[in-house]
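I opened the notebook to record what I looked up in this model.

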Amino acid sequence: MNTNALVTPSPISAKYWSELKDLSDNVKLELITLLSSSMTHPEEPAAKPRTGWASRFAGVWKDSRSAEDIVEDIRAARTILSQL
């Protein structure tokens with residue numbers, strides 16, 4: 001491996017170097033560009049959880065059945081897979 005005296009390759013970089021060293025200069029430059037750009041762009045911040053979204057649905061459900069009837073219907077509609 002032809003490396004600069006300041007570079008001590010880790011086992012993983014040595015492994016990749018053995019795979020990549022014989023590539024053309026153009027392909028190596030493309031890889032350098034891809035690797036560099038993956039390091040210079042900060043990760044997008046995680047989306048903040050939206051709070052209060054469920055309150056939009058409060059009181060929206062309209063049904064003439066009682067709560068007990070709805071629960072009974074839900075239980076009757078269960079499949080064998082949901083009971084496992």
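I took helices (H or I, at least four residues) and strands (E, at least two) as DSSP runs, numbered from the N terminus. The model is predicted, so I kept the record's limits: local features need pLDDT of at least 70, side-chain atom pairs count only at pLDDT 80 or more, and totals for chains, interfaces and linings use all residues. Residues are numbered from 1 along each chain as its sequence is written, and side-chain values use heavy atoms, with hydrogens and water left out.

**Fold.** I counted three helices and zero strands in the protein. The pattern along the sequence reads α-α-α.

**Exposure.** I looked up how much is buried (under 20% relative accessible area; exposed is over 50%, partly exposed in between; 1.4 Å probe, protein chains only). Of the 84 residues, 0% count as buried. The accessible area (Shrake-Rupley method, 1.4 Å probe; for residues, only the protein chains shown count as cover) comes to about 8,400 Å² for the protein, and carbon and sulfur atoms supply 60% of it.

**Nonpolar patch.** I used patches made of residues with over 30% relative accessible area and no salt bridge, where like charges are joined within 9 Å and nonpolar side chains (Val, Leu, Ile, Met, Phe, Trp, Tyr) within 5 Å. I12, Y16, L20, L23, V27, L31, L34 and L35 make a nonpolar surface patch of about 690 Å². Two or more of its residues come from each of α1 (11–20) and α2 (25–40). The largest share, four residues, is from α2. L23 sits in the loop between α1 and α2, and L23 is partly exposed at 31% relative accessibility.

**Largest pocket.** A pocket here is an open set of points on a 1 Å grid over the protein atoms alone, where a 1.4 Å probe fits, with protein on both sides within 12 Å along at least five of seven lines; lining residues have an atom within 4 Å of a point. Points are joined across faces, edges and corners, and the volume is the space filled by probe spheres set on them. The largest pocket has a volume of about 220 Å³. Its lining is S13, Y16, W17, L20, K28, L31, I32 and L35. The elements giving two or more residues to this lining are α1 and α2. I noted six nonpolar, one polar and one charged residues in the lining.

**Salt bridges.** I looked for a side-chain nitrogen of Lys or Arg within 4 Å of a carboxyl oxygen of Asp or Glu. How many salt bridges does the structure hold? I found two. D63 pairs with R65, with the closest N and O atoms 2.6 Å apart. R65 also bridges to D73, at 2.4 Å from N to O. D63 is partly exposed at 33% relative accessibility, R65 is partly exposed at 33%, and D73 is partly exposed at 37%.

Technical notes. Ala, Val, Leu, Ile, Met, Phe, Trp, Tyr, Cys and Pro count as nonpolar, Asp, Glu, Lys and Arg as charged, and the others, Gly among them, as polar.
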